[in-house]
Amino acid sequence: MGASRKPGMNDPQLSLALGNLSLADSLLGRRSIRRFSDRPVDPGIIERAIAAACLAPSPHGSSPWRFCVLSSEESKKILAEMMGRDFLRDMEKEGLSEAERTRRHSGSIRLLTRAPVLILAALSYAQLDEYGDPGKQANEYMMAEHSLGAALQNLMLALTAERIGTLWRCAPLFCPETARAALELPADWVPRALILAGYPDGAPPPKDPPQPEVLTR
Ligand SMILES: Cc1cc2nc3c(=O)[nH]c(=O)nc-3n(C[C@H](O)[C@H](O)[C@H](O)COP(=O)(O)O)c2cc1C
């Protein structure tokens with residue numbers, strides 16, 4: 001397991017790289033990519049994207065996001081296989097046929113092990129406020145979840161700006177303890193999502209234009 005280190009927020013390369021594409025290009029260009037080419041991704045690109053993620057707003061400025069970058073075949077395989085066992089067990093409980101369980105399981109393993117880089121995103125609630133009221137506490141934690149969404153969108157837009165495709169996978173949300181154990185993460189890290197990253201192998205299918213549902217008063 002590699003040592004943790006914070007990406008440099010003042011890295012001049014960050015603003016340079018983020019200037020590669022306009023905001024509009026990144027917003028329109030970010031799509032869920034499920035097929036990646038074998039072309040390796042420069043670790044600097046991942047560092048800059050994580051620095052961009054850390055520009056997101058967070059409750060009380062607590063910066064609750066944590067990241068674990070997996071680029072080795074071994075670490076990707078360990079995570080995919082350990083989460084895969086939980087996935088199989090859950091699907092069996094839900095009554096899916098064996099053929100369907102096998103299909104979904106092997107698809108998941110293939111996707112995770114073939115992506116050039118996996119970025120596991122976790123939350124630490126350690127810096128958040130504590131309340132006696134369980135409802136208020138749940139909302140406090142919810143704010144961290146919102147903030148993770150903002151951070152991950154920053155991350156994906158920053159990667160798009162450097163022509164890297166991404167896919168948000170929700171798997172760790174369903175088995176946080178397993179993901180934490182697989183990667184030997186600190187005890188206060190709660191795994192929440194996995195972002196797959198790599199150069200796209202082909203373009204995704206076109207997307208319908210957004211249809212916002214907005215009321216005005
Ligand atoms: C919270 C969240 C969880 C997601 N989980 C998965 C997932 O587990 N597997 C997957 O293939 N896509 C996942 N997606 C991607 C969505 O399917 C995708 O964003 C959506 O279909 C719209 O397509 P686009 O990203 O190309 O705009 C997830 C997206 C979000 C925001």
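Arg39 sits in the loop that links helix 2 (23–29) to helix 3, where helices are DSSP runs of H or I with at least four residues, strands are runs of E with at least two, and both are numbered from the N terminus. Arg39 counts as exposed because it has 11 C-beta neighbours inside 10 Å. The C-alpha atoms of Arg39 and Tyr199 lie 6.6 Å apart, although 160 residues separate the two in sequence. The model is predicted: local features need pLDDT of at least 70, side-chain atom pairs count only at pLDDT 80 or more, and totals for chains, interfaces and linings use all residues. Residue numbers start from 1 along each chain as its sequence is written.

**Overall fold**
- The protein has eight helices and four strands, in the order α-α-α-β-α-α-β-α-β-α-α-β from the N terminus.
- Of the 217 residues, 30% are buried (20 or more other C-beta atoms within 10 Å of the residue's own; exposed means 12 or fewer, partly exposed in between; C-beta atoms are placed from the backbone).

**Nonpolar core**
- The largest nonpolar core has 49 residues, and Leu118, Leu120, Leu155 and Ala197 touch the most other members; such a core is a set of buried Ala, Val, Leu, Ile, Met, Phe, Trp, Tyr and Cys residues joined through C-beta atoms within 7 Å.
- Elements that each supply at least two residues of this core include strand 2 (117–123), helix 6 (134–161) and strand 4 (190–198).
- Helix 6 gives the largest share, 10 residues.
- Leaving aside residues up to four places away in sequence, Leu120 touches Phe67, Cys68, Leu70, Pro172, Ala179, Leu183, Pro191 and Leu194 (C-beta atoms, placed from the backbone, within 7 Å).

**Ligand surroundings**
- Around the ligand are Arg31, Ser32, Leu167, Trp168, Arg169, Cys170, Pro204 and Lys207, each with its C-beta atom, placed from the backbone, within 6 Å of the ligand.
- This shell divides into four nonpolar, one polar and three charged residues (Ala, Val, Leu, Ile, Met, Phe, Trp, Tyr, Cys and Pro count as nonpolar, Asp, Glu, Lys and Arg as charged, the others, Gly among them, as polar).

**Positive phi**
- Most residues other than glycine have a negative phi.
- His60, in the loop between helix 3 and strand 1, has a positive phi near 55° and is exposed, with 12 other C-beta atoms within 10 Å.
- Ser63, in the loop between helix 3 and strand 1, has a positive phi near 40° and counts as partly exposed, with 17 C-beta neighbours inside 10 Å.

Definitions and conventions
Two residues are in contact if their C-beta atoms, placed from the backbone, lie within 7 Å.
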